[in-house]
Amino acid sequence: MATKYETVKEKIRQKISSGHYEKGTQLPTESALMAEYNVSRYTIRRAMGELENEHYIYRIQGGGMYVDDWQATPDKPVNRKVIGVVTTHLADYIFPSIISGIDRAISSHGYSVLLSNTHNDQQQERVSLQRMLNSKVDGLILEPTQSARPNPNQDLYQRIEESHIPAIFINAHYDNSSLPYIDIDDRATEMELVNSLFDNGHQRILGVFKIDDMQGVGRMQGFLDAYTAHPDFTLLSNVIMYQSTDDVAQIFDKIAQYMRSDDRPTAIACYNDELAIQVMDVIRSLGMAIPEDVSIIGFDDYLLSDYVMPGLTTAVHPKNKMGVDAGQMILKLIEGEKVKPIIYHPEIIYRQSVKKITN
């Protein structure tokens, strides 16, 4: 089934190829075309943008749109109905479920997925974004790389917006961007997780958070919010901050130092489940048991979190749902519909990695 912009594009293309609009003549204004086809300005811009890419029309800045010498360029790109997906990772952790959800949502509408992996590296992100722009995809689903750091690729994100390519962010977004997004309320969810530790008698809690993406920053803020609401034991909190490029061995050494101290933490709140499972190994290497000696919580409900021993208390990242919602949102944008941001409030899963203690 053709989208609105595809229908408009084809009608205008037929008028050009039939000679109704002759080469070099000025086309009606956007407003006139909106009225003629009873569609939004976005739909017209999307249709005209593709006709321009296919050399049926050209624009004069401030002077309108004109019929190009389209017969001089017979080899025109075919609309492949492709959605570009750029994520920090592809094959591990939560990302396969997200991508599967996207594919399920768009494939029934005749679209396929073009994937690109930035490996959480900003230079690779630049390559990925340029590849998508050169591929002339119909829409983009973007997970920004190291989203809490200054981004050298803002010019490409700006180009995406100015080109009117339907695009959305997932997992994190930039406040200075007008693109819609699908996020998790990381801050409030982490606060709820830490409060659950307080409810179980824990006061000396070590937080370990990655701070070069907005997810980690939000989760660290939630950790601090929980302590701010409990001023009687604020001084008992400790935080280790790290970035993607840091040596993981040094992070584990710092955790070990805290655990060897006389006033060691009774619980550790980790950036995500992947880190939490690694921290469990660190704790065991110190001759300590979980949760008898220290409780551990994660975030995301990674597949293995229910199978490690003991099972990990965590927050459920709606992985597959995020993918389906992202696919449905991008299809709406392609159709010219307006969409609103989606923010999830994850469920907490309580497992055996947390012990109730008395102070």
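Predicted model: local features only at pLDDT ≥ 70, side-chain atom pairs only at ≥ 80, totals over all residues.
Some overall values to begin with. The C-alpha atoms fill a box of roughly 85 × 35 × 35 Å along the principal axes. The protein chain has 359 residues, and 52% of them are buried. Its exposed surface comes to about 16,900 Å², with carbon and sulfur atoms supplying 49%. If we take contacts between residues at least 6 apart in sequence, 72% of them join residues at least 24 apart. As for charges, there are 35 positive and 48 negative ones, and their mean positions are 5 Å apart.

Helix α1 covers residues 4–17, which is 14 residues. From its first C-alpha to its last, α1 reaches 20 Å, close to the 20 Å expected at 1.5 Å a residue. Which residues of α1 are buried? They are Y5, E6, V8, K9, I12 and I16. These residues sit on the same side of α1, because they cover an arc of only 160 degrees around the axis. What do they pack against? The partners are α2 at 30–37, α3, β1, β2 at 64–67, and α11. Just after α1 comes G19, with a positive phi of about 95 degrees.

The other helix is α4, residues 95–107. It has 13 residues and spans 18 Å from first C-alpha to last, close to the 18 Å expected at 1.5 Å a residue. The buried residues here are F95, I98, I99, G101, I102, A105 and I106. Their arc around the axis is only 155 degrees, so they lie on the same side of α4. They pack against β3 at 82–87, β4 at 112–117, β5 at 139–142, β6 at 167–170, and α11 at 319–334.

Next, some backbone details in the loops. H55 is not a glycine, but it has a positive phi of about 70 degrees. You will find H55 in the loop between α3, residues 41–53, and β1, residues 57–60. Y93 is also not a glycine, and its phi is positive at about 60 degrees. Y93 is in the loop between β3 and α4. Is each of these residues buried or partly exposed? H55 is partly exposed, with a relative accessible area of 37%, while Y93 is buried, at 13%.

There are cis peptide bonds to point out as well. One joins I290 and P291, with omega about 5 degrees. P291 belongs to the loop between α10, residues 273–285, and β11, residues 295–297. Another joins M309 and P310, with omega about -5 degrees. P310 is in the loop between β11 and β12, the latter at 314–315.

My last stop is E347, in the loop between β13, residues 342–344, and β14, residues 348–349. What does E347 touch, leaving out residues up to four places away in sequence? It touches T314, A315 and V316. E347 and L197 are 150 residues apart in sequence, and their C-alpha atoms are 16 Å apart in space.

Definitions and conventions. Residues numbered from 1 in each chain as written. Heavy atoms only, no water. Buried < 20%, exposed > 50% of the residue type's maximum accessible area, 1.4 Å probe, protein only. Contact = heavy atoms within 4.5 Å. Areas by Shrake-Rupley, 256 points an atom, 1.4 Å probe, with all protein chains shown as cover. Lys, Arg positive; Asp, Glu negative; His and termini not counted. Charge placed at Lys NZ, Arg CZ, Asp CG, Glu CD. Helix = DSSP H or I, 4+ residues; strand = E, 2+ residues; numbered from the N terminus. Expected span 1.5 Å × (residues − 1). Arc of directions from axis to C-beta.
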